[in-house]
Amino acid sequence: MKSSWKSAKLGEFIEILPGFAFKSKDFLLNGVPVVKISNVTPPCVSLEKATYVSEEIADQHSDYILCCGDVLIAMTGSH
């Protein structure tokens with residue numbers, strides 16, 4: 001029996017972005033939270049010990065702002 005499923009590359013349907021390495025000089029005590037691998041505690045993302053960048057820096061890298069419905073995949077660390 002032949003399967004009705006077709007093979008395809010995931011990138012044909014979604015946009016895949018690697019993480020972004022902010023410069024340590026850009027980190028602040030408050031502002032826009034940055035999700036780091038240490039913030040990923042399955043099945044959640046905890047911002048309890050988050051690091052922050054300014055709105056300006058976040059706007060410069062707006063492609064990396066997480067939105068409702070986004071899927072975050074931890075490739076290393078605490079997964």
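Okay, let's start with a definition: buried means under 20% relative accessible area, exposed means over 50%, and partly exposed is in between, using a 1.4 Å probe and protein chains only. Keep that handy, and take Y64 as a test case: at 32% relative accessibility, Y64 counts as partly exposed.

Now some housekeeping. This is a predicted model, where local features need pLDDT of at least 70 and side-chain atom pairs count only at pLDDT 80 or more, while totals for chains, interfaces and linings use all residues. Residues are numbered from 1 along each chain as its sequence is written, and side-chain values use heavy atoms, with hydrogens and water left out.

So, the overall picture. The chain has four strands and one helix, and from the N terminus on they run β-β-β-β-α. Helices here are DSSP runs of H or I with at least four residues, strands are runs of E with at least two, and both are numbered from the N terminus.

How does the chain's radius of gyration sit against that of a compact globule of 79 residues? The globule would come out near 12 Å, but the chain has 16 Å. That radius is taken over C-alpha atoms, and the globule rule is 2.2 Å times the number of residues to the power 0.38. Along the principal axes, the C-alpha atoms fill a box of roughly 60 × 25 × 20 Å.

Next, the surface. Buried residues make up 14% of the 79 residues. The chain exposes about 7100 Å², with carbon and sulfur atoms supplying 58% of it; these areas come from the Shrake-Rupley method with a 1.4 Å probe, and for residues only the protein chains shown count as cover. As for charge, there are 7 positive and 9 negative side chains, and the centres of the two sets lie 12 Å apart. Lys and Arg count as positive, Asp and Glu as negative, and His and the chain ends are not counted. Each charge is placed at NZ of Lys, CZ of Arg, CG of Asp or CD of Glu.

One word on contacts, meaning heavy atoms within 4.5 Å. Take the contacts with a separation of 6 or more: residues 24 or more positions apart account for 50% of them.

On to the aromatic rings. The structure holds two aromatic pairs. Rings of Phe, Tyr and Trp (its six-membered ring) pair if their centres lie within 6.5 Å; planes under 30 degrees apart are stacked, over 60 are edge-to-face, and the rest are tilted. For F20 and F22, the ring centres are 4.9 Å apart and the planes sit at 70 degrees, so that pair is edge-to-face. For F20 and Y64, the centres are 5.3 Å apart with planes at 45 degrees, so we call that one tilted. F20 lies in the segment before β1 (32-34) and Y64 in the segment after α1, so the pair ties together parts that are 44 residues apart in sequence. Put together, ring pairs link F20, F22 and Y64 into a cluster. F20 is itself partly exposed, at 33% relative accessible area.

Let's stay in the segment before β1 and look at D26, which is found there. Is D26 buried or exposed? It's buried, with a relative accessible area of 16%. If we leave aside neighbours within four places in sequence, D26 is in contact with Y52, V53, S54 and I57.

Over in strand β3 (residues 44-45) we find V45, which is partly exposed at 39%. Which residues does V45 touch, not counting those up to four places away in sequence? The list is V35, N39 and L72. V45 and V35 are ten residues apart along the chain, and their C-alpha atoms are separated by 7.8 Å.

Last stop, the helix: D59 lies in α1 (residues 55-60) and counts as exposed at 51% relative accessibility. D59 and V35 are 24 residues apart in sequence, and 15 Å apart in space from C-alpha to C-alpha.
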